[in-house]
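Biologist: I'm new to this one. Can you walk me through it?

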Amino acid sequence: MTVHHIGYLVKSIDRASVKFFGELGYRNEGTTVYDEFRKINILFMVNGDYRIELIESAADDSMTGGLIKKLGVSPYHICYQVDSIEEAKVELEKQGYIMTAAPEAAPALDGRRVAFFYHRDIGLIELLEVKQ
Amino acid sequence: MTREEKLIDICAEVLMVEPQKLSLDTTRDEVDTFDSLAIVMIVSELCDALQITVRSEKMEMVEIEKIADFLKLLD
């Protein structure tokens, strides 16, 4: 699977993006987008072939509110591109992955669908559906 | 070790709580670390320990409000 981005939990997109831009050479890819379903703000940044997704909780009951309390500011998932989430799900479940978030459109990714899976040996991954 | 004892051990490890403080009746409200990611982690550890597979559709059907609810996934 091709890597699309690395998801990065941050407390403040404004503060984190300044650091990624200033010291680490990343540039913004678009602007910050509010994901109403997940109650998070998202900003993509790129540095050469590497893309990161800065994720900031926008409400106490957001999808990542508990995670940042548990993990702190940190990378926490790698997103992979797939042709079909449903087809990939069948294969991943055979390998012991458990779906933690069912496929939903992601406003920050042009409405393309994403889903999350967990495996005890590697943690969380995200699948981004990129239909040809 | 019974599967109930194994479940308590796994929950204690994932939730970072002493096993003696947990029972099958312990609810999510009673343990701060008992969140949605912890539920998935517990199911994943259970699958590995018991050499079983739990499909996503079954997980969606079972509401986990207390530790005993994990046993419904094994039926």
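Modeller: We'll take the aromatic rings, then the interface. This is a predicted model: local features need pLDDT of at least 70, side-chain atom pairs count only at pLDDT 80 or more, and totals for chains, interfaces and linings use all residues. Residues are numbered from 1 along each chain as written, chains are lettered from A and ligands numbered from 1 in written order, and side-chain values use heavy atoms, without hydrogens and water.

Biologist: How many aromatic pairs are there over all chains?
Modeller: Three. Rings of Phe, Tyr and Trp (its six-membered ring) pair if their centres lie within 6.5 Å; planes under 30 degrees apart are stacked, over 60 edge-to-face, the rest tilted. Tyr8(A) and Phe20(A) pair edge-to-face, at 5.1 Å centre to centre and 80° between the planes.

Biologist: Is Phe20(A) buried or exposed?
Modeller: Buried, at 9% relative accessibility. Buried means under 20% relative accessible area, exposed over 50%, partly exposed in between (1.4 Å probe, protein chains only). Phe20(A) also pairs edge-to-face with Tyr26(A), at 5.3 Å and 80°. Tyr26(A) is buried too, at 15%, whereas Tyr8(A) is partly exposed at 22%.

Biologist: Switching to the interface. How many residues of chain A are in contact with chain B?
Modeller: 13 residues of chain A contact 16 of chain B (heavy atoms within 4.5 Å).

Biologist: How many salt bridges between chain A and chain B?
Modeller: Five. Each puts a side-chain nitrogen of Lys or Arg within 4 Å of a carboxyl oxygen of Asp or Glu. One joins Asp48(B) and Arg120(A), at 3.2 Å, N to O.
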